[in-house]
Amino acid sequence: MTYRKVALIGLGLIASSMYWAMKRAGMETHVSGYARSEKTRETARRLGLCDVVCDSLEEVVKDADLVVLAVPVGAMGGIAETIAPHLKPGATVTDVGSVKRAVIEAVRPHIPEGVHFVPAHPMAGTEHSGPDSGFASLFDNRWCLIVPDGAPDAATAALEDFWHALGANTERMDVQHHDLVCAVVSHIPHLIAYTMVGVADDLRRVSDQEVIKFSAAGFRDFTRIAASDPTMWRDVFLTNKEATLEILGRFTEELFALQRAIRTGDGDTLFDYFTHTREIRRGILQAGQDTEAPDFGRIRKE
Ligand SMILES: NC(=O)c1ccc[n+]([C@@H]2O[C@H](COP(=O)([O-])OP(=O)(O)OC[C@H]3O[C@@H](n4cnc5c(N)ncnc54)[C@H](O)[C@@H]3O)[C@@H](O)[C@H]2O)c1
Ligand SMILES: O=C(O)C(=O)C[C@]1(C(=O)O)C=C[C@@H](O)C=C1
């Protein structure tokens with residue numbers, strides 16, 4: 001089933017990339033878009049983003065078969081409440097939020113009878129945000145995690161087909177597993193990058209020019225990630241508290257073990273640890289998996 005009309009709410013990196021990917025796929029879908037600020041709406045119109053850019057939430061969801069919530073996680077509930085009375089019976093509402101339990105708790109209570117809610121999360125992005133940051137190939141060969149959470153199979157399958165057309169692979173996941181997996185592969189790595197760049201900045205005598213001058217791939221990657229949108233990441237940590245604290249606890253334990261090995265000159269521990277992590281990386285490459293697409297099934301809550 002293809003959607004006749006799609007509404008994109010929040011015209012930033014993810015929504016604009018979805019639009020360009022839909023166009024690239026040759027979908028004959030009518031796409032309406034809404035952004036909160038007049039400035040973003042003007043930019044979207046100038047870029048030719050969406051077939052129509054609407055000035056209200058009521059207008060953008062009118063007659064839509066698929067409504068995509070592409071705003072920061074903390075804003076999803078309020079938008080769901082506003083659009084609820086205007087949703088077409090039989091429509092599907094989905095989201096692209098980086099956290100799923102909090103979004104489901106905020107959005108589901110507003111979804112009217114006869115409308116389906118199928119949460120989703122494309123595991124693709126960049127450090128850029130806003131309507132002019134999107135591009136059609138963002139989702140190519142990336143995973144889009146689908147969290148049906150009780151949605152009918154037909155609505156879930158239709159959303160999967162949609163994401164396949166946008167270039168992504170899909171995998172169904174339950175909500176708790178999703179939030180834990182994302183804490184491991186995305187949320188805590190971002191926190192570590194933010195922290196490392198903060199540490200470098202604290203040591204101003206190192207950081208001023210030297211950060212730029214001497215940084216090779218490792219630190220540069222940290223600075224790229226640490227340039228990501230502050231609103232989005234604030235919301236991620238506020239709403240995925242349980243899983244991020246769990247993984248952060250484990251991370252800190254490992255860090256202390258390595259710290260002790262450095263302090264005591266325990267080279268064997270350091271060597272063994274680094275050998276093990278190198279094997280993990282090689283295993284991923286040998287399995288022919290995209291280096292940027294981890295095997296989600298292997299990350300289990302113990
Ligand atoms: N950036 C990534 O790497 C990435 C990857 C996957 C999923 N996501 C998720 O996708 C969603 C959107 O992220 P993005 O990267 O496209 O962000 P973005 O900052 O590029 O765009 C978000 C848009 O939402 C709008 N917005 C913010 N608050 C709003 C509100 N209260 N009402 C209406 N509009 C509002 C902003 O003005 C902006 O246009 C987030 O939930 C994020 O967690 C992001
Ligand atoms: O590639 C990046 O810049 C990203 O940060 C993308 C990334 C990730 O951590 O992999 C960030 C947040 C998401 O929810 C999904 C993907």
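Helices (H or I, at least four residues) and strands (E, at least two) are DSSP runs, numbered from the N terminus. The structure is a predicted model, in which local features need pLDDT of at least 70, side-chain atom pairs count only at pLDDT 80 or more, and totals for chains, interfaces and linings use all residues. Residues are numbered from 1 along each chain as its sequence is written, while chains are lettered from A and ligands numbered from 1 in the order in which they are written.

The chain holds 13 helices and 9 strands. Its radius of gyration, taken over C-alpha atoms, is 21 Å, close to the 19 Å that the globule rule (2.2 Å times the number of residues to the power 0.38) gives for 302 residues, so the chain is as compact as a globular protein of that length. The C-alpha trace spans about 65 × 45 × 35 Å along its principal axes. Of the 302 residues, 38% are buried (20 or more other C-beta atoms within 10 Å of the residue's own, with C-beta atoms placed from the backbone).

Ligand 1 has 25 residues around it (C-beta atom, placed from the backbone, within 6 Å of the ligand). Gly10, Gly12, Ala75, Gly125 and Ser129 come nearest. Helix 1 (residues 13-24) supplies the largest share of this shell, 3 residues. By class, the shell has 14 nonpolar, 9 polar and 2 charged residues. Here Ala, Val, Leu, Ile, Met, Phe, Trp, Tyr, Cys and Pro count as nonpolar, Asp, Glu, Lys and Arg as charged, and the others, Gly among them, as polar. Around ligand 2 lie Ser98, Met123, Ala124, Gly125, Thr126, Glu127, Ser186 and Ser228. That shell divides into 2 nonpolar, 5 polar and 1 charged.

The largest nonpolar core has 67 residues. Such a core is a set of buried Ala, Val, Leu, Ile, Met, Phe, Trp, Tyr and Cys residues joined through C-beta atoms within 7 Å. Leu8, Ile9, Val67 and Val68 have the most contacts inside it. Helix 1 gives the most to this core, 7 residues. Another core, of 8 residues, lies apart from it and includes Leu180, Val181, Ala243 and Ile247. Beyond neighbours within four places in sequence, Val67 is in contact (C-beta atoms, placed from the backbone, within 7 Å) with Ala7, Ile9, Val61, Ile83, Leu87, Ala91 and Val93.

In helix 11 (residues 230-239), the buried residues include Met232, Asp235, Val236 and Thr239. The buried residues fall within an arc of 105 degrees down the axis of helix 11, so they line one face of the helix. The arc is that of the directions from the helix axis to the C-beta atoms. Their cover includes helix 5 (101-107) and helix 7 (175-202).

Key:
A residue is buried if 20 or more other C-beta atoms lie within 10 Å of its own, exposed if 12 or fewer, and partly exposed in between; C-beta atoms are placed from the backbone. Two residues are in contact if their C-beta atoms, placed from the backbone, lie within 7 Å.
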